[in-house]
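Hello,

Here is the structure I promised to pass on. Please have a look at it first, and my notes on what turned up follow below.

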Amino acid sequence: MISRRDFIKGSITLGAAYSLGNMFYSFAYPPKSADKGIEIGDYKKKNGKIIYDFVIRKSPIEFDGKLGWGIAINDNLPGPLVKLKEGLWAELNIYNELNEITSIHWHGILLPYQMDGVPGVTFPGIKPGEKFTAKFKVKQYGTYWYHSHAGLQEQLGHYGPLIIEPEEPEPFTYDREYVIVLSDWSFKDPHWILSRLKKEDGYFNYNKRTIFDFFNDIRTKGLAQALRERMMWASMRMSPRDIADVTGATYIFLMNGHTPEENWTAIFKPGEKIRLRFINASAMTYFDVRIPGLKMTVVQADGQNIQPVEVDEFRIAVAERYDVIVQPTEYKAYTIFAEAMDRSGYARGTLAPEPGMEGPIPPRRKPPERGMEAHGGAHMKHMQGKMHHGHMKGSKCGMCEPKLKNFDFGPTAAMLNTDPLCRIDDPGVGLKDVKHKVLTYADLKSYTPWEFLYKRKPDRIIEVHFTGNMERFIWRMWTYDGNRWTSDIRDFIKLRYGELVRMVWVNHTMMDHPIHLHGMWMYLDNGSGEYKPRKDTINLKPGEKLCVDVLVDAKGYWAFHCHLLYHMHTGMIRVVEVT
């Protein structure tokens with residue numbers, strides 16, 4: 001049995017043995033342990049610097065007895081845990097043993113743009129057989145991660161966790177901690193997955209509606225309303241169950257590299273406070289996380305301290321991080337349950353007082369359906385005509401009204417949302433009717449106030465419109481520069497160093513988009529005033545408008561994109577230039 005954690009150690013010194021298309025020779029290893037967590041990376045400390053070495057290469061990967069091929073970092077999938085210290089320097093050496101260009105992007109980390117690891121934007125990429133060193137002073141604290149920004153390598157396992165210890169004591173206490181990396185894996189080649197998405201809308205959606213669902217709508221809503229809704233969805237050539245582009249039809253879902261059957265386990269003593277650092281390192285999967293029988297107190301979002309919020313469940317978008325504290329008091333096993341948003345599968349582990357224990361698996365929930373709010377408010381204009389829906393006004397998005405609504409985005413937009421909604425306090429599809437507390441963006445408040453947010457007004461406003469066409473599987477980020485609309489990645493979004501920019505986002509699509517800005521923080525306008533949470537990744541729901549403030553404090557070129565891998569790869573990415 002080939003272990004994905006302990007791939008032949010000797011190959012580091014002997015070099016990779018290539019044969020039959022770059023396949024590596026390997027040897028058998030003992031079975032992996034279910035209570036083994038993320039590997040901690042080896043490092044050196046010298047002259048105030050923390051030094052890590054990363055070797056990236058193709059590796060045999062085994063899940064539940066089935067063998068595939070992935071990309072390992074230092075013989076691990078996920079990659080090893082990197083621990084840095086606020087105020088010290090990091091020196092990160094990356095060796096490429098692949099037969100293609102690779103990179104490592106340090107997600108959410110403030111650093112010189114030349115170190116950001118985005119081929120074609122900040123550097124040429126790391127060629128086969130070459131080395132690249134990222135050097136920067138660590139200016140922050142909290143939970144982050146790292147991953148490839150080259151091609152579709154991230155889907156193959158090219159990612160790992162990154163934790164930064166703070167200089168000052170944190171405003172909460174705990175007795176022990178665990179990192180929990182959630183991810184998705186397919187034995188199919190990621191380029192094959194993308195080709196299916198391009199050729200057939202809903203290829204991986206096995207939860208499509210049937211005639212029996214229509215008859216049920218007639219019983220509950222009446223014939224006229226049921227027909228009206230079906231005609232509306234048909235006009236867009238979409239299904240209300242288009243929740244995720246890639247599903248459990250090809251994915252298995254992992255917790256720290258373990259399948260649900262392997263049952264990764266974290267140990268506790270009754271009465272201890274346990275910090276769980278959740279990282280969503282998926283390519284495409286949103287997870288709904290709960291620990292039945294335990295309340296979770298959320299204390300950090302995207303690595304930043306927030307005012308504690310007690311919840312029963314939270315949705316974590318791709319690339320987001322949430323740190324929670326739990327305190328189990330009974331001598332029993334609790335299930336850490338991370339259910340895919342479309343309910344097509346789940347990752348799970350166990351929090352237990354001793355190895356070998358298992359908590360019960362919660363009953364599976366029915367596949368959710370998108371409601372009318374996914375279309376925005378009134379006057380949703382479709383390519384096939386116009387329809388009107390009930391208008392809902394949000395109250396927590398502040399001065400967040402898009403002005404540029406009448407542009408025809410052409411074939412990149414299957415529909416135009418002329419009246420987007422504020423959905424800050426909406427937990428998302430499938431979670432609105434649950435009877436327990438679910439985290440929403442309205443709950444997030446910075447632990448300390450940001451003085452500049454009440455001392456100055458934005459210098460200017462930039463609108464960003466997110467469009468998509470599911471049939472063609474093309475995705476775009478459109479901006480208006482004062483003269484013309486553009487979605488071309490070669491047309492940079494130009495910002496001036498030192499200015500405060502308000503961005504108004506509008507989602508014209510029926511899908512969620514986790515939007516990530518490199519190099520700078522985004523302050524989410526959720527009605528919290530100077531206590532706005534600052535994040536590096538913000539989820540934008542279907543039909544939604546959001547406003548974020550960006551203090552432009554980092555010169556250079558910064559990627560700005562949807563973190564759904566196949567959306568970014570097919571056009572939902574731009575570059576911000578700060579001068």
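With a relative accessibility of 1%, Asp75 counts as buried, where buried means under 20% relative accessible area, exposed over 50% and partly exposed in between (1.4 Å probe, protein chains only). The loop between β5 (66–73) and β6 (82–85) also holds Pro78, and the peptide bond from Leu77 to Pro78 is cis, with omega near -5°. For context, most residues other than glycine have a negative phi, and most peptide bonds are trans.

Asp302 is another one to look at: its phi is positive, about 50°, although it is not a glycine. You will find Asp302 in the loop between β17 (296–301) and β18 (304–311), and at 0% relative accessibility it counts as buried.

Before you go further, please keep in mind that this is a predicted model, in which local features need pLDDT of at least 70 and side-chain atom pairs count only at pLDDT 80 or more, while totals for chains, interfaces and linings use all residues. Residues are numbered from 1 along each chain as its sequence is written, and side-chain values use heavy atoms, with hydrogens and water left out.

Now the overall picture. The protein has 6 helices and 38 strands, and 61% of its 579 residues are buried. Of the contacts (heavy atoms within 4.5 Å) with a separation of 6 or more, 77% are between residues 24 or more positions apart.

Among the helices, have a look at α2 (residues 190–199), where Pro190, Ile193, Leu194, Ser195 and Leu197 are buried. The buried residues of α2 pack against β12 (176–186) and α6 (565–569). At the start of α2, the backbone nitrogen of His191 has a side-chain oxygen of Asp189 within 2.7 Å.

On a 1 Å grid over the protein atoms alone, a cavity is a set of points where a 1.4 Å probe fits but cannot get out, a pocket is an open set with protein on both sides within 12 Å along at least five of seven lines, and lining residues have an atom within 4 Å of a point. Points are joined across faces, edges and corners, and a volume is the space filled by probe spheres set on them.

The second largest pocket has a volume of about 500 Å³. Of its 22 lining residues, Ile461, Ile462, Glu463, Tyr480 and Asp481 are the closest to its centre. β27 (460–469), β28 (474–480), β30 (493–495) and β31 (500–507) each supply at least two lining residues, and the largest share, 4 residues, comes from β27.

There are also 6 cavities of 30 Å³ or more. The largest cavity, with a volume of about 150 Å³, is lined by 14 residues, and Arg315, Pro427, Tyr441, Asn539 and Lys541 lie nearest its centre. The second largest cavity has a volume of about 110 Å³; of its 14 lining residues, Ile243, Ala244, Met284, Tyr286 and Met341 lie nearest the centre.

Best wishes

Definitions and conventions:
A polar contact is a pair of N or O atoms within 3.5 Å; within protein, one must be able to donate a hydrogen and the other to accept it, and residues adjacent in sequence count only if both atoms are side-chain atoms.
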